[in-house]
Amino acid sequence: MERHLRSALMVLGIVVVQTAFMPYIAIEGFLPDLLLIWVVYTSLRRGQIEATVAGFAVGLLQDLVATQLFGLAALSKTAAGFLGGYFYNENKTDQTLGSYQFLLIVGVCSLLHNVVFFTVFLQGSDVPLVLTVLQYSFATTLYTGAMSALPMFAFARKAMA
Amino acid sequence: MFERLYTLFMEFREYVLLSFLVILSFILLSLNDKPQVKQIRAVLTVTLGVVQEQVAFVPRYFGLKKENELLRRSNVELADEASQLREAKLENLRLRRLLAIKDRTPFGFVAARVVSKNLTLLRNSLTLDVGEADGIRPSMPVVNDAGLIGVVIAVSQHYAVVNILLNTDFRASAKVQRSRVDGIVAWDGTDIVLKNIAKTLDVKTGDVVLTSEYSSSFPTGIRIGLVSSVTEQEGSLFKHVIITPSADFVKLEEVFVMTKAPDEEKTDLEQKVNEFFTR
């Protein structure tokens, strides 16, 4: 129970940081997705089922505070949590979190997340869909992947200590 | 039966869960226009807005460079615009002064812009952006608000070339406004001089020189300039009178061509008399 409460508080904090601070470090309009990093972290720490539910929950929360399509972040983060769960290995959790593998997993999950997100999000617009989806997805994935280096270093330091 | 279903569910629970949540997400996506959803989102948006307002002082580090660049570009554009407005204001003032002289004289005027200047040779000239199509003919006087500029010597369909005062071929009958002394204004390659002023005649520094009624090319009373120097040369019957022109030829931008045709009857008569005496 305490663990869930702690996770909920952490998610709330991340939502505030994501919505209030991240726009200040946007590059060409692209933002790193801290909530996605948290979902991937959950998938590596807790496994596929918990990560899928967590992805849906934080996605729903993100949908509520964002002006985009309601349910879209829930859908894409559910998919990302589910995919992240495939990399779950309870014996190597700290090793995975504290190494470059974490960046790669974030990258893979982020790419799936962004492809799902932008494919739905750009429906009905006049832009060339495939090209724009790939462009937006790679840009956001790169930024999110780069941002995930910060928790990775923190986990690595913790593992060494 | 239930046991088998339970076993199946437990075996594929991740996929069942995923399918359930994906379907739920799609249902939520279809609920976008529901007022309840809008209400919840409105409350949360306002709450987050308060938080965002509190942290609004955080500078947009990555955006600052771009913003700075935009501001600089905008600054250059505004400076350019301000410069153009200043130019327009000055042009407006000049044109107003030109319009004032237009009101003072009975002749027709055609406004013209100086498109080319040649102020480095002995035969200095201007090219104007008006020509035959605008009613311009050779021998028409050219003036601006300051005074006499020159005379049209050649015309094409849309352009006219003007011999200005600073041209060795230019001549104009002139008189000193104060003492009514007559002379001929000409340029000697260095100064504009008032010729044929006998030593006995009354001409002083500061006198205003105007076109005289003896001129067949120019209307009477157009200001030419001010006498800036009067010297008496030994062995000469005449004074050397130098005039500073009223018009600034270097800054000249707009002028008026006076659509005064030369008095042909007068010109013809004068020519006949000259021919008679020169036989």
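Leaving aside neighbours within four places in sequence, which residues is Asp129(B) in contact with? In this predicted model, local features need pLDDT of at least 70, side-chain atom pairs count only at pLDDT 80 or more, and totals for chains, interfaces and linings use all residues. Residues are numbered from 1 along each chain as its sequence is written, while chains are lettered from A and ligands numbered from 1 in the order in which they are written.

Asp129(B) is in contact with Ala112(B), Arg113(B), Val115(B) and Tyr159(B), contact being defined as C-beta atoms, placed from the backbone, that lie within 7 Å. Arg113(B) is 16 residues from Asp129(B) along the chain, and their C-alpha atoms are separated by 5.6 Å. In chain B, Asp129(B) lies in the loop between β2 (123–128) and β3 (141–143); strands are DSSP runs (E, at least two residues) numbered from the N terminus. With 14 other C-beta atoms within 10 Å, Asp129(B) is partly exposed, a class between buried (20 or more other C-beta atoms within 10 Å of a residue's own) and exposed (12 or fewer).

Strand β4 (residues 148–155) of chain B is largely enclosed by the rest of the structure, because six of its eight residues are buried. β4(B) pairs with β3(B) in the antiparallel sense over three bridges; pairing requires at least two bridges found by DSSP. Pro141(B) has Val151(B) in β4(B) as its bridge partner. The two strands β3(B) and β4(B) form a hairpin with four residues between them, and Gly147(B) in the turn has a positive phi of about 155 degrees.

β4(B) is also joined to strand β5 (residues 160–167) of chain B, by five bridges in an antiparallel arrangement. Here Val155(B) has Ala160(B) in β5(B) as its bridge partner, and a hairpin joins β4(B) to β5(B) through four residues.

Methods:
Two residues are in contact if their C-beta atoms, placed from the backbone, lie within 7 Å.
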